[in-house]
Amino acid sequence: MVSVEPRAPGLAFGQVVIGPPGSGKTTYCSGMQEFLSKMGRKVAVVNLDPANDRIPYQCSVDIAELVTLDDVMDNLKLGPNGGLIYCMEYLEANFDWLQEKLEQYKDHYFLFDCPGQVELYTHHSSVKNMVAQLTKWNFRLAAVHLVDSHYCTDASKFISILCTSLATMLNVELPHINILSKMDLIEQFGKLAFNLDYYTEVLDLSYLLDHLASDPFFKNFRQLNSKLVEVIEDYGLVSFLPLNVQDKESMKHVMRAVDKANGYCFGKEEQQSLEAMMSVAVGGDFQFAAAMDAQEKYVSPIGKSVKEEAMDL
């Protein structure tokens with residue numbers, strides 16, 4: 001890997017936007033850029049997805065200037081997955097190029113739009129190494145991990161995204177905000193078994209196992225699912241915020257969580273009072289409020305508690 005000089009003193013704040021393909025990362029970056037710009041922040045969006053050839057936002061740095069997935073697949077005869085891994089490793093070997101590009105936006109807030117290959121975040125090291133290098137350059141970052149909210153309507157898929165989110169948190173090693181994206185489409189493929197706060201706060205997952213047991217296919221895998229759930233609950237790290245990019249209130253909840261995670265809220269950029277800082281520091285109940293707000297707007301009433309719903313199974 002090419003050695004690079006440390007970034008000049010001075011903090012830079014930002015978000016590393018990650019998640020599976022189609023989870024809404026690029027749409028999120030576009031919406032967050034517009035949202036923060038209206039608040040007076042100067043925002044630089046960095047496209048790190050070599051397969052992203054349709055960029056809806058104003059792009060400050062584009063990895064396509066360095067490498068593209070199509071070129072790698074054509075010249076090296078690799079498939080899309082192997083090609084993406086090669087592209088990220090090529091970026092890792094050319095951090096000096098990235099540093100030179102980022103230096104042009106020293107006074108900006110950064111949004112890093114990353115590829116959608118899950119392996120890059122769960123067990124591959126390239127994204128982790130990039131984050132470590134950015135930290136050496138005095139970036140203060142938080143990972144924003146998006147997953148489709150409609151997975152909540154399927155208990156087995158919800159356990160899957162819990163496992164993926166946990167593995168990503170442990171591998172990337174950044175302050176982490178997990179997002180249920182596309183909240184306006186949450187019940188497109190079915191009704192929720194429980195109220196939304198059950199999924200956002202990842203409450204007692206034994207009820208989810210009872211719900212899975214009602215499916216003849218998953219009934220035979222109860223012990224396996226039980227062990228997966230046990231791992232998730234033992235770590236106790238995963239929770240979610242609901243998001244609809246078109247909803248300003250929803251965007252505000254996410255912005256507040258990210259600002260707290262990467263430390264931006266404690267800086268002097270927005271000249272916050274001590275009282276406001278302490279309000280953010282203690283956290284308040286904004287995560288629960290965000291879930292209740294989304295429940296009211298996007299989820300059909302259930303009318304039963306989690307315990308009552310589970311007893312009906």
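Tutor: A residue is called buried under 20% relative accessible area, exposed over 50% and partly exposed in between (1.4 Å probe, protein chains only). The model is predicted, so local features need pLDDT of at least 70 and side-chain atom pairs pLDDT 80 or more, while totals for chains, interfaces and linings use all residues. Residues are numbered from 1 along each chain as its sequence is written, and side-chain values use heavy atoms, without hydrogens or water.

By the criterion for burial, Phe194 counts as buried because its relative accessibility is 1%. Tyr199 is buried as well, because its relative accessibility is also 1%. The structure holds 12 aromatic pairs (Phe, Tyr or six-membered Trp rings with centres within 6.5 Å; planes under 30 degrees apart are stacked, over 60 edge-to-face, the rest tilted). Among them, Phe194 and Tyr199 form a tilted pair, 6.3 Å centre to centre with 35 degrees between the planes. These two residues belong to one aromatic cluster together with Phe158, Tyr198 and Phe240.

Another pair, Phe110 with Phe112, is stacked, at 5.9 Å between centres and 15 degrees between planes. Both Phe110 and Phe112 are buried. At Tyr109, Arg41 lies over the ring face, 5.1 Å from the ring centre (the cut-offs are Lys NZ or Arg CZ within 6 Å of the centre and within 35 degrees of the ring normal).

In strand E4, Phe110 is the bridge partner of Ala44. Strands E2 and E4 run parallel and are joined by five bridges (pairing requires at least two DSSP bridges). E2 also pairs in the parallel sense with E3, residues 59-62, over three bridges, and there Val45 stands opposite Cys59. Both faces of E2 are covered, with Val43, Val45 and Asn47 buried on one side and Ala44 and Val46 on the other.

E4 (109-113) is also one of the elements against which the buried residues of helix H6 pack (contact means heavy atoms within 4.5 Å). Helices H3, H4, H5 and H7 and strand E5 are the other partners. In H6, residues 126-136, the buried residues are Ser126, Val127, Met130, Val131, Gln133 and Leu134. They lie on the same side of H6 because their arc around the axis is only 160 degrees, taken from the directions from the helix axis to the C-beta atoms.

Technical notes. Helix = DSSP H or I, 4+ residues; strand = E, 2+ residues; numbered from the N terminus.
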